[in-house]
Amino acid sequence: MTDTGTPAEPVRITTERRGHVLLIRLDRPEKRNAADFSMLQQLSAAYGELDSDPELRVGLVHAAGDHFTAGLDLADIGPRITADGIDYVDADGINPWQVSGRALTKPVVMAVQGICLTLGIELMLASDIVVAADSTRFGQLEVSRGILPFGGATLRFPRAVGWGNAMRWILTGDMFDAAEALRIGLVQEVVPDGIQFDRALELAERIAAQAPLAVQAALANARLAVRSGDQAAEAELQPALVRLASSDDARIGLEAFASRTTARFTGH
C-alpha cells in the first residue's frame with residue numbers, strides 16, 4: 001500500500017494495486033473522512049494514476065473507518081475559495097468529480113458505509129457502480145450550509161434518479177437511507193454492513209477481467225451520449241467498432257469463444 005502525501009503534507013489518500021484494480025482509500029477516519037484541501041489534491045492524483053497507467057483497468061474507491069465521508073472540511077476549504085473558485089488538480093491529476101479538466105477514461109466502482117454526505121454523493125454520481133452497506137445514510141446538505149452542490153449533483157442527480165427524486169433531497173438537505181438510495185437508483189446494490197468492500201472488489205475484478213479497450217470504448221460512448229446527445233454517440237459507434245475489431249483483444253476474445261476457454265486480455 002502506498003500513500004499520496006509528502007513529508008510536508010498529511011496522508012489523506014492511500015492506494016494499493018490489486019492486480020489490474022487500483023484501490024483508492026479515503027484515509028482520515030478520525031475526522032469521518034471529511035475532505036480537506038490535502039485530500040482533494042491526493043484524490044485527484046490517485047485518479048490521474050489510474051487513468052495514466054496502462055496496467056490499471058478499474059478504480060475502486062472506499063474509505064477507512066466507520067464512515068465514507070462527512071463531506072467538505074469547510075474550516076479548511078472555505079478560506080481557499082477565491083473569486084475563481086477552488087483549484088486542487090495538478091497537471092498530472094484528474095478531477096474525481098469530472099466537472100472540469102480531463103475526462104477519466106476508466107471505470108470506477110465505489111463502496112460506501114456509515115455517513116456519506118455532499119461530495120461523497122457527488123463522487124458516487126461521477127463513478128459507474130456503487131455498493132452500499134445497508135446502514136449507510138446519505139445527505140446532499142449544501143443548501144443547509146448556505147451553498148449549492150458544486151461537484152456535479154445539480155447535473156447528474158436528476159439524470160440518475162429523476163427530477164423529483166433528486167430535488168426531494170437536494171432542495172431539503174434531508175438525510176435518507178440505503179433503501180431509498182437503492183429505490184431511486186443512486187446505488188446499484190445494498191449489502192450487509194462490512195461486506196460492501198468485498199462485493200465492490202468482486203465487481204471491479206469482474207470488469208478488469210474484460211477486454212480493457214472494449215470496456216473503455218463502451219464507457220466513452222455512454223458518456224458521450226450523456227454529454228453530447230445520442231446523435232454524437234451514434235456517429236462514433238461504427239468507428240469505435242472498427243478500431244476494436246483490429247485489436248489483439250478482439251482476436252483473443254474470438255479465439256476464446258471458439259475454443260470455449262477463458263479469454264486473457266492484454267489491453268492491446
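## From the surface to the interior

Guide: R260 counts as exposed, at 80% relative accessibility, where exposed means over 50% relative accessible area, buried means under 20%, and partly exposed lies in between, with a 1.4 Å probe and protein chains only. This is a predicted model, in which local features need pLDDT of at least 70 and side-chain atom pairs count only at pLDDT 80 or more, while totals for chains, interfaces and linings use all residues. Residues are numbered from 1 along each chain as its sequence is written, and side-chain values use heavy atoms, with hydrogens and water left out.

R260 belongs to the segment after α10 (248-259), and its phi is positive, near 55°, although R260 is a residue other than glycine. N33, likewise not a glycine, has a positive phi of about 55°, but N33 is buried, with a relative accessible area of 0%, and its place is the loop between β3 (21-26) and α1.

The protein has 10 helices and 10 strands, taken as DSSP runs numbered from the N terminus (H or I, at least four residues, for helices; E, at least two, for strands). Its C-alpha trace spans about 60 × 45 × 40 Å along the principal axes. For 268 residues a compact globule would have a radius of gyration near 18 Å, and the 19 Å of this protein agrees with that; the radius is taken over C-alpha atoms, and the globule rule is 2.2 Å times the number of residues to the power 0.38. Of the 268 residues, 47% count as buried. Among contacts (heavy atoms within 4.5 Å) with a separation of 6 or more, residues 24 or more positions apart account for 67%.

The interior itself can be followed through its nonpolar cores, each a set of buried Ala, Val, Leu, Ile, Met, Phe, Trp, Tyr and Cys residues joined through side-chain atoms within 4.5 Å. The largest core holds 47 residues, of which F138, F157 and L186 touch the most other members. Helix α1 (residues 37-52) gives this core its largest share, seven residues. A second, separate core has 16 residues, including V58, V131, L201 and A204.

I121, M124 and L125 are among the buried residues of α3, and helix α3 (residues 119-126) is mostly covered, with eight of its eight residues buried.

Next comes A160, in helix α4 (residues 153-161). The C-alpha atoms of A160 and L186 lie 6.6 Å apart, although 26 residues separate the two in sequence. A160 touches L125 and I184, not counting residues up to four places away in sequence, and at 41% relative accessibility A160 counts as partly exposed. A166, found in helix α5 (residues 163-170), is instead buried, with a relative accessible area of 0%. With residues up to four places away in sequence again not counted, A166 touches F157, P158 and V161. The C-alpha atoms of A166 and Q140, 26 residues apart along the chain, are separated by 9.6 Å.

L201 and A204, named in the second core, lead on to helix α7, whose buried residues are Q196, F197, A200, L201, L203, A204, I207 and A208. Seen down the axis of α7, these buried residues fall within an arc of 165°, so they line one face of the helix; the arc is that of the directions from the helix axis to the C-beta atoms. An α-helix has 3.6 residues a turn, so residues three or four places apart point the same way. The length of α7 can be checked too: at 1.5 Å a residue its 13 residues (196-208) should span 18 Å, and its end C-alpha atoms are 18 Å apart, which agrees. The expected span is 1.5 Å times one less than the number of residues.
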